[in-house]
Amino acid sequence: MVGMETYGYNAPMSKKIGAAYDVPEGVDIRGRYDGEFAKILTKDALQFVAGLQREFRNHIKYAMECRKEAKERYNRGGLPGFDPATRYVREGEWSCAPVPSAVADRRVEITGPVERKMIINALNSGAKVFMADFEDALSPSWENLMRGQVNLKDAVDGTISFHDQARNKVYKLNDQTAKLFVRPRGWHLPEAHIFIDGEPATGCLVDFGLYFYHNYAAFRRNQGEGYGPFFYLPKMENSREAKIWNNVFERAEKMAGIEKGSIRATVLIETLPAVFQMDEILYELRDHSVGLNCGRWDYIFSYVKTFQSHPDRLLPDRVLVGMNQHFMRSYSDLLIRTCHRRGVHAMGGMAAQIPIRDDPKANEAALELVRKDKLREVMAGHDGTWAAHPGLIPAIMEVFTNNMGNSPNLIKTVKREDASNITEEDLIQRPRGVRTMEGLRLNTRVGIQYVAAWLTGTGSVPLYNLMEDAATAEISRVQNWQWIKYGVELDGDELGVKVTRGLFGRIVEEEMARIEKEVGREKFKKGMYAEAGKIFTRQCLAPILDDFLTLDAYNRIVIHHPKTASKL
């Protein structure tokens, strides 16, 4: 696993405690003991996770090595493209398994971290689907991850409730709720609180394994109408990674004694290499697929990362890189065509806006932007879309319903054969737009505030009327890095000013002062803003671009407890 050997060994130790998790041979839990967590971390559940780790770890390591090799190829000037070796898959006549009726209608999906109140509100929100997130919307501390598993088990059982003592209000589930999908972490992230055979477990196998083991029976009974559980799969770059997931699913189905094809998953197409592998990804998951999703913020991040050694492909201000850019529109159109040709959902991207409660005029303007974006998606043929906030759901639902009629989706009615002409060049065309000082400042301000929140346990952060998660922080980081590395000349507000390390250092100082003013001195002192500023600055000035911001920051949230806190 990339960088795994560096994770966890320098983690601070907590005070020794008496109780211990009952673990199978070869498993060592280094996270805090908690009676509630012990109901999740049972010996049998951990045996299942360890079995997945042992069976698939070498496949995962090989897939991560392949990512490295591809990156080196791009860094030498190569371009991503369609693989001639899998042309037969792209041109072949085949379909994915029929979509289960439980998830035929997905016109609005809401996403958010696996926090207790969030889960209840999202399931009650009126959306068709709630994607509960262990990935970009969650800071993966031991407490967040394990409480998330407890919360999801209660949600699937239908018993989840939350007493908000500040408001003296009790939250519980309505009779009608959204369908639950769960997003585990990406293949690259370790879980440094659980060691298996002497090395950190793979984060996504922990997330998937614990959730599946405890919930598959209740989920199929209460939610899936005989199918499920349902998942979202992030950060893939190649169909070989989809094949590993397919094998994990088959292994889980066999353990549970349920039919092959019970588990269903939607893959996020959120890396540039993956857009050239969409048919192949669906093909590997054809018994378990319920479509693809345009993970557009991560996709922009991946565009910069893929072309980090290509100074002719510099991005304009991130606010200008929307779906009106040719390479973004081409990606969306090809995704729709590919999914509908194979009989599955083509899901649209995130509306990150959040209600502006103290300014009705600005709020209506923001809502209008959301409506236009969602109208573009449904008219293009997307079967549904994402929202970051419950307040957006009625407006988005209205747009999709008005343009879909009584049909639960557009899979059979909108084929988008015109998108069959999309070329490799269409998918990587250089984005157009200006680069401004304000763009550099906004990136810096957003990036530092996001990292500060992440370090203190929050992975989904409202900033400047948008809900920011790791993806938007990543765009901010890599764009700053790219502009500094190539000494970009600004061609917008401060014409001809060159972006240098010195200029960036001054901007960090000024933006830190602005953040302190905006959040208040007390919160600034208590928060981890100084530490976040150092991490973000170091990442932006690094001679070699780190693959992920969160990998660097992860060590700072790992807290190990004494080894004797587990029975070995």
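First, a term: two strands pair if DSSP finds at least two bridges between them. Strands here are DSSP runs of E, at least two residues, and helices are runs of H or I, at least four, numbered from the N terminus. This is a predicted model, where local features need pLDDT of at least 70, side-chain atom pairs count only at pLDDT 80 or more, and totals for chains, interfaces and linings use all residues. Residues are numbered from 1 along each chain as its sequence is written, and side-chain values use heavy atoms, with hydrogens and water left out.

Now the sheet. S2 and S8 (residues 190-196) pair antiparallel over 3 bridges. Val27 has Ile196 of S8 as its bridge partner. The open sheet has 3 strands, in the order S2-S8-S9, with antiparallel pairing. Its edge strands are S2 (27-29) and S9 (199-202), each pairing on one side only.

Helix H6 (residues 203-222) packs on this sheet and touches S8 and S9. Its direction makes about 55° with that of S9. Angles run from 0 to 180 degrees between N-to-C directions, and axes are lines fitted to C-alpha atoms, for helices over the stretch in contact.

Next, the helix pair. H10 (residues 296-306) and H16 (residues 470-485) pack at about 20°, axes 8 Å apart. That makes H10 roughly parallel to H16 (angles under 35 degrees count as such). Contact means heavy atoms within 4.5 Å. On H10, the contact residues include Trp297 and Phe301; on H16, they include Ile475 and Arg477.

Terms used. Parallel < 35°, antiparallel > 145°, perpendicular 65-115°, else oblique.
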